[in-house]
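We will walk through a few selections together, one stop at a time.

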Amino acid sequence: ILDLEGTNYTYTPGQSAGVVPPGVDETSQKAHNVRLYSVASSLLAPEPGYENRKTVMLCVKRVKDKHWDDASKLYSGVCSNFICDLKPGDSVQLTGPAGKHFALPENTFDYNYILFATGTGIAPFRAFLREMEAAGGIPDRAKVWLFFGVRFDNEILYDAEFKALAAKYPNFFYRVSQSRTMQNPDGSRKYVQHMLLDYATETLPLLQLPNTRIYICGLKGMETGIADSIKKLATDAGVDGDTLLAQATQKERYFEEVY
């Protein structure tokens, strides 16, 4: 959580904040490039403990892994480790915010939503839901599905928050897949896109509605699996899969941020 009090920095859910790590790149000897992190908060909903402060929350995975050129060496992500090592009172250089297309529509509750996230791709959806809650809560006319894919249960971020919202709003549906501990009926690993098929009775009618929006955020490649699941969902129900996919992924209905 970064304290923005005293600055003119502002943002909306769906945007990213740029962080400039201090120091210089070892190879170029130039200042480090900016790194973008999806915002996980809403200015309309102060974070607990910061009720009187203007803040931004980032969801950061610390990168420490084997080096791709030499497995005996460790690669440490410059910016993720800088952020994770911050102490209260430290200063951070921010840029942006960046991004305009991955956002909630102006008349938020005139739409239904199917949200797909993997890993830290959950960040903008946490921000969306904070914004919805601050706007008065999710009304009965809007249905919101959040599908969150992780490998293990210790990677389920903001789980308690989402469960609390699901308990409060009967039209908010929160489901998690764990690819290393859960399986599909055929024995294959269960990924985020497979949950669309698990709830075919509920999700197919939503996909067929013109006011249903799809948002995808997370690891590159997940969008392909989701597209395949949409087509299979349709085909299994006797609907033309290519037609449904084309309708569901129209520019005004479909939004993705993958990396």
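The tour below goes from a pair of helices to aromatic rings and then to some backbone details.

Before you click, note that this is a predicted model, in which local features need pLDDT of at least 70 and side-chain atom pairs count only at pLDDT 80 or more, while totals for chains, interfaces and linings use all residues. Residues are numbered from 1 along each chain as its sequence is written, and side-chain values use heavy atoms, with hydrogens and water left out.

**Stop 1: two helices**

Select residues 200–207, which form helix 5, and residues 222–236, which form helix 6. Helices (H or I, at least four residues) and strands (E, at least two) are DSSP runs, numbered from the N terminus. The two helices pack at an angle of about 100°, with their axes 10 Å apart; axes are lines fitted to C-alpha atoms, for helices over the stretch in contact, and angles run from 0 to 180 degrees between N-to-C directions. That makes helix 5 roughly perpendicular to helix 6 (65 to 115 degrees counts as roughly perpendicular).

Now show side chains: A200, T203, L204 and L207 of helix 5 meet I230, L233 and A234 of helix 6 (contact means heavy atoms within 4.5 Å). The residues of this contact divide into six nonpolar, one polar and no charged. Here Ala, Val, Leu, Ile, Met, Phe, Trp, Tyr, Cys and Pro count as nonpolar, Asp, Glu, Lys and Arg as charged, and the others, Gly among them, as polar.

**Stop 2**

The structure holds 14 aromatic pairs, meaning rings of Phe, Tyr and Trp (its six-membered ring) with centres within 6.5 Å; planes under 30 degrees apart count as stacked, over 60 as edge-to-face and the rest as tilted. Select W145 and Y199: this pair is tilted, 5.4 Å centre to centre with 50° between the planes. W145 belongs to strand 9 (residues 144–150), Y199 lies in the loop between helix 4 (194–198) and helix 5, and they are 54 residues apart.

Is W145 buried or exposed? At 2% relative accessibility, W145 counts as buried, whereas Y199, at 25%, counts as partly exposed. Buried means under 20% relative accessible area, exposed over 50%, partly exposed in between (1.4 Å probe, protein chains only). Beyond residues up to four places away in sequence, the contacts of W145 include Y113, F173, R175 and E202.

**Stop 3**

Move on to Y113 in strand 8 (residues 112–118), which is buried, with a relative accessible area of 1%. Its C-alpha atom is 5.5 Å from that of T212, 99 residues apart along the chain.

Next, select Y215 and F255, a stacked pair at 4.8 Å centre to centre with 20° between the planes. Both Y215 and F255 are buried.

**Stop 4: charges over rings**

Select R126 and Y158: the charged end of R126 sits over the ring of Y158, 5.2 Å from its centre. The charged end of R213 sits over the ring of Y111, at 4.9 Å from its centre. To qualify, NZ of Lys or CZ of Arg is within 6 Å of the ring centre and within 35 degrees of the ring normal.

**Stop 5: backbone details**

Stay with Y158, whose phi is near 60°, a positive value in a residue other than glycine. Finish at G96 and P97, joined by a cis peptide bond with omega about 10°.

Notes: Angles under 35 degrees count as roughly parallel, over 145 as roughly antiparallel, 65 to 115 as roughly perpendicular and the rest as oblique.
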